Amino acid sequence: MTKPKALGYLRRDVSGISQGWHEIQIRSLAARLGYNLAKTIAFGPRTDSPITRLMNAVWAADAAAVIVPSLWHFDSHLPVELVKLADVITVHPETTYARQVVPVTSDDSDDGEYMA
């Protein structure tokens, strides 16, 4: 069985001299939770549209999760649009913000299908 893919994400300006340590924590948590960490994306403070770029990377990699050191790397708030695409997992505190499963409904069917 193939492990689900994850991307790591951090902001270099938030990590500062701890960037290497944050990358180790991301890799460790990914392995512990059973993810195949495809890569870690590191953006700087001047990166244009970082959440949109991250979402594009999640889509391109077909990643199930994004692992981040803390919400501070998202300017302290969880990007709802990202959680619609993938689970967001923080290292500290260790928390998973899971995608919501949306029922697929139609007039002809009530077979309990769900979409992620």
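This is a predicted model: local features need pLDDT of at least 70, side-chain atom pairs count only at pLDDT 80 or more; totals for chains, interfaces and linings use all residues.
User: How do you know that the span of helix α3 agrees with its number of residues?

Analyst: Happy to walk through that one. Helix α3 has twelve residues (residues 50-61), and at 1.5 Å a residue they should span 16 Å. The C-alpha atoms at its ends are 16 Å apart, so the two values agree.

User: Which residues of α3 are buried?

Analyst: Ile51, Leu54, Ala57, Val58 and Ala61 are buried in α3. That label is used because each has under 20% relative accessible area.

User: What puts them on the same side of α3?

Analyst: They cover an arc of only 120° around the axis, so they sit on the same side of the helix.

User: What covers the buried residues of α3?

Analyst: The cover includes the strands β1 (5-11), β2 (36-43) and β3 (65-68), along with α4 (80-83). Helix α3 lies across β1, β2 and β3, and it runs at about 160° to β1.

User: What follows α3?

Analyst: Asp62 does, and its phi is positive, near 55°.

User: Now the sheet. In what order do its strands come?

Analyst: Five strands form an open sheet in the order β2-β1-β3-β4-β5, with mixed pairing. Neighbouring strands of this sheet are turned by 25° against each other on average, direction ignored.

User: Why are β2 and β5 called edge strands?

Analyst: Both β2 and β5 (95-97) pair on one side only.

User: What makes β1 and β3 a pair, and in which sense do they run?

Analyst: Two strands pair if there are at least two bridges between them. β1 and β3 have three bridges, so they count as a pair, and the sense is parallel. Gly8 stands opposite Ile67 in β3.

User: What does Thr95 touch, leaving out residues up to four places away in sequence?

Analyst: Thr95 touches Val88, Ile89 and Thr90. As for Ser70, Thr95 is 25 residues from it in sequence and 9.3 Å from it in space, C-alpha to C-alpha.

Note on methods. Residues are numbered from 1 along each chain as its sequence is written. Side-chain values use heavy atoms; hydrogens and water are left out. Helices (H or I, at least four residues) and strands (E, at least two) are DSSP runs, numbered from the N terminus. The expected span of a helix is 1.5 Å times one less than its number of residues. Buried means under 20% relative accessible area, exposed over 50%, partly exposed in between (1.4 Å probe, protein chains only). The arc is that of the directions from the helix axis to the C-beta atoms. Contact means heavy atoms within 4.5 Å. Axes are lines fitted to C-alpha atoms, for helices over the stretch in contact, and angles run from 0 to 180 degrees between N-to-C directions.
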